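Hi,

Here is the structure I promised to pass on. Please open it alongside this email, and I will walk you through what I found.

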Amino acid sequence: IWDIATELAMRILIVDDDADMRRLLLRTLQRWGYDVVPAADGVEAWERLQNEPISFVITDWTMPNLDGLGLCRRIREAKFARYIYVILLTAKNSKDELITGMEAGADDFLIKPFNAGELQVRIRAGERIVTLESNLEEQNKKLQEAYSRIREDLDAAVKMQRGLLPSSALTIPGFKFDWMFTPCHFVAGDIFNFFQLNEHQVGFYILDVAGHGIPAAMLSVTLSKILSPISSQGSPLMRFIPNPPHYDIATPAEAVHALNQLFQSEDDAMHYFTMVYGVVETRSARMLLTQAGHPSPIYQPMGAKAELLGTGGFPVGMLRDATYGELDLTIQPGDRLFLYSDGIPECTSKHGEHFSVDRLMTLLEEWRDRPLREVMAGIEHTLERWRGSNEFEDDITLLALERV
């Protein structure tokens with residue numbers, strides 16, 4: 001039983017205005033086992049090609065109404081979903097005429113009067129090409145179907161990851177948060193959040209998983225679940241105490257230390273991430289910050305120049321015995337804090353120049369009196385102009401906090 005591709009390859013359309021030549025070709029090809037469809041000129045052949053699944057044509061060059069060259073051109077210009085192989089029968093044998101036929105779209109030539117054995121060999125060569133084209137088309141179709149499924153899965157992953165981002169409706173008395181998030185792929189290795197830990201303490205973090213694409217995104221989603229404000233035994237954000245409610249809020253250094261122990265890799269692969277984690281007490285506005293290999297936060301006091309906080313620290317998951325310190329500061333009304341991924345300072349222009357932390361701090365200083373939302377939108381627009389595109393080499397993430 002022939003599959004569809006084979007059926008198309010075995011069916012041959014013969015086109016000739018000479019009735020005797022058509023009968024000769026018909027008998028010869030049928031004797032060789034082919035399904036043959038005759039046409040008296042190019043117009044009739046064109047109608048059949050549009051309405052029947054034919055992938056092989058043997059056509060005379062000189063015919064009334066529509067000649068062989070005209071038929072070839074129509075076939076190539078039409079861009080059929082299937083490939084149509086064309087052998088041109090001709091009494092012309094000069095080099096220029098053969099070039100003209102090739103330019104019109106013919107695949108092969110046979111000079112009349114032709115030898116039956118030579119015709120059979122040329123048909124078999126054409127069959128192989130048609131079969132290869134059909135197989136390639138089928139493979140491309142399967143690849144397209146596979147890509148569509150992957151795209152659907154990635155779109156679902158994007159929705160899931162964006163569903164983990166903080167709600168714009170979340171309000172924390174005395175503080176304002178805003179953020180910018182542009183993954184370099186469908187899904188990102190960056191993740192961030194801010195949340196109430198209890199009545200008077202707010203936690204916030206930004207982290208960047210090493211690498212890009214799906215593996216990094218999967219780890220970032222896992223970390224987002226682990227770094228949840230929901231209290232449960234074993235959460236790195238909580239520490240066990242003997243008395244009810246049997247947990248207390250971990251300091252940032254304690255939380256990052258617990259994460260570092262949890263994510264030590266036993267194989268040779270380095271599954272690590274950088275982060276900044278902070279906790280702010282809303283009544284006193286006292287803030288504790290721990291930096292783990294992440295770019296230094298930018299602290300922008302209300303009446304002073306912006307400055308970088310911290311000196312680096314070790315990424316989480318890199319060294320089991322790494323220790324983590326804390327920065328202790330009190331946020332005054334109007335003060336702002338910016339946490340960002342390295343995708344911003346390392347954003348490369350079309351001339352190969354990095355955007356840099358200095359440029360970011362200069363913008364923040366210039367726009368100090370603007371509302372936080374305008375500042376975030378302005379930075380995003382500036383980065384797109386710097387890059388010359390809205391597509392980036394790395395995830396672009398910025399989380400801002402302001403005491404109001």
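Let me start with strand β6 (residues 175-182), which pairs with β17 in the antiparallel sense over 8 bridges. Strands here are DSSP runs (E, at least two residues) numbered from the N terminus, and two of them count as paired if DSSP finds at least two bridges between them. Within this pairing, Lys176 has Glu402 of β17 as its bridge partner.

A quick note on the source: this is a predicted model, where local features need pLDDT of at least 70, side-chain atom pairs count only at pLDDT 80 or more, and totals for chains, interfaces and linings use all residues. Residues are numbered from 1 along each chain as its sequence is written, and side-chain values use heavy atoms, with hydrogens and water left out.

Back to β17 (residues 396-403): strand β16 (residues 336-340) also runs antiparallel to β17, joined by 5 bridges, and Leu337 stands opposite Leu401. Since 8 of the 8 residues of β17 are buried, this strand is largely enclosed by the rest of the structure; buried means under 20% relative accessible area with a 1.4 Å probe, protein chains only. In a regular strand the side chains alternate between the two faces of the sheet. In β17 both faces are covered, with Ile396, Leu398, Ala400 and Glu402 on one side and Thr397, Leu399, Leu401 and Arg403 on the other.

Elsewhere, 5 strands make an open parallel sheet, ordered β2-β1-β3-β4-β5. β2 (35-39) and β5 (108-111) each have a single partner strand, so one side of each lacks a neighbour in the sheet. Strand β1 (residues 11-15) runs parallel to β2 with 5 bridges between them, and Leu13 is partnered with Val37 of β2.

Best wishes

Definitions and conventions: Helix = DSSP H or I, 4+ residues; strand = E, 2+ residues; numbered from the N terminus. Buried < 20%, exposed > 50% of the residue type's maximum accessible area, 1.4 Å probe, protein only.
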